[in-house]
Amino acid sequence: MKRPNKNGKRVVPQPGGESFQIGEAGLPIYHMPMPPVKSRGQLIPLGEWQIGEAGPPMTPDEYKAYCEREGILDPDRQLIPSPEELAKLPLSARVAFARRCAARIAPLAGVATPQELNPQAAALFLLAASTVQTPLRRMLRCIRRDFDRLLHLARKQKWTDDTPVSSDVFGPMWPKDLVPTWAREIQQPPVNPV
Amino acid sequence: MARPKFSVQHFVACLSVSWEGFPGSKTARTLEGVIHRFSVSPGAEPGFEFDEIWLYARLFRSTQVEGTREFSVKLVWLDAPGGARDVLSRPLSIVRFTNAEPIVNIAWSLRPIEFPGLGQYEFRLRTSVRRRVGTAQLIVAREFIQIEQQP
């Protein structure tokens, strides 16, 4: 049996005609003792419908402007935020993002890691370090997610250039199943006091 | 013999389903009284018996197999005293899937239908599936309605 949208897959009807079949239910098989029928009649619809109306048609440019105004993400956006996109962030958020990019690749770059790094440079490090288990696309999505989150919060909370942005706003650096080997913290065995 | 696989695109309970023209398999039908909340007349006491209720489903075949599937519906009283209780089951008519018509609209009438009390009810659309140990009933769609007393 297929469920609609199982595993995110669309269920598309097969080409061909359709039929309208009618059927009557068979006799009821009761699973509980039913009380004697005291009321007969018809069910009366109750409640309210909401009337929805579609907005006016939009040109692609108008739609793009609408998405930007409403904060709707473009599904075809680049994985690495462009400088034009970065410019939309307040200054403090830009700095926080650059620090996050630097922190992301710090275990790869070693001691020479700068305090702040642009996403393009961070992506180059990830490109060199990607593996089958940690594919590049998924790793770059983490950079995009950081940026999208900052943009969303900046819009929602009306950040300005002076709003302090903590590194906590980003959440975990990597999804649990994507932590690269080089980014895993080396667990030091506890020192035996004996 | 393989049986056609399908997905349930819509499953809706409503008060009636009328033809938009001469009855026939190519004629569209109108669902009437499609809403979640229903009321019974003021002063009505449980159990309630209603003339009919309809269940509409649109099914998309998802394989190239022609054949039929058997359906049944189970009514569950979710707000029964002491917790949800199965009220009744009813076999429904058999649905045919063909290569020419892989999309099936079907409306089943349940008449009459009894409800033991007020509250929320769940219609579970089930189909029979073969298991190693026999045939089982698999729930393929659910619809909910609320029955309230009119103020």
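Predicted model: local features only at pLDDT ≥ 70, side-chain atom pairs only at ≥ 80, totals over all residues.

Me: Which residues of α5(A) are buried?
Reply: The buried residues of α5(A) are A:M139, A:L140, A:C142, A:I143, A:R144, A:D146, A:F147, A:D148, A:L150, A:L151, A:L153 and A:A154.

Me: Let us step back. What is the secondary structure of chain A?
Reply: Chain A has four strands and five helices. Along the sequence they follow the pattern β-β-β-β-α-α-α-α-α.

Me: How many of its residues count as buried?
Reply: Chain A has 194 residues, and 29% of them count as buried.

Me: What about contacts between residues 24 or more positions apart?
Reply: Such pairs make up 59% of the contacts in chain A that have a separation of 6 or more.

Me: Now the largest pocket. What is its volume?
Reply: The volume of the largest pocket is about 560 Å³. Its lining comprises 20 residues, and those nearest the centre are A:E68, A:I72, A:L73, A:D74 and A:K88.

Me: Which elements give two or more residues to that lining?
Reply: They are α1 (60-70) and α5 (136-156), both of chain A. The most comes from α5(A), which gives seven residues.

Me: How do the lining residues divide into nonpolar, polar and charged?
Reply: The lining of the largest pocket has 11 charged, seven nonpolar and two polar residues.

Me: Where is A:K158 found?
Reply: A:K158 is in the segment after α5 of chain A. Its phi is near 50°, which is a positive value in a residue other than glycine.

Me: Is A:K158 buried or exposed?
Reply: A:K158 counts as exposed, because its relative accessibility is 68% and the cut-off for exposed is over 50%.

Me: Next, A:F125. Which helix is it in?
Reply: A:F125 belongs to helix α4 of chain A. With a relative accessible area of 34%, A:F125 is partly exposed.

Me: What is A:F125 in contact with, leaving aside neighbours within four places in sequence?
Reply: A:F125 is then in contact with A:I105, A:L108, A:A109 and A:L117. As for A:A106, which is 19 residues from A:F125 along the chain, the C-alpha atoms of the two are separated by 9.7 Å.

Me: Finally, chain B. Which residues does a cis peptide bond join there?
Reply: One such bond joins B:P46 and B:G47, with omega about -5°. B:G47 is in the loop between β4 (37-40) and β5 (48-50) of chain B. A cis peptide bond also joins B:R111 and B:P112, where omega is about -15°.

Me: And where does B:P112 lie?
Reply: B:P112 is in the chain B loop between β11 (103-110) and β12 (113-115).

Conventions: Residues numbered from 1 in each chain as written. Chains lettered and ligands numbered in written order. Heavy atoms only, no water. Buried < 20%, exposed > 50% of the residue type's maximum accessible area, 1.4 Å probe, protein only. Contact = heavy atoms within 4.5 Å. 1 Å grid on protein atoms, 1.4 Å probe; cavity = no way out; pocket = protein on both sides within 12 Å on 5 of 7 lines; lining within 4 Å. Points joined across faces, edges and corners; volume = space filled by probe spheres on them. Nonpolar A, V, L, I, M, F, W, Y, C, P; charged D, E, K, R; others polar.
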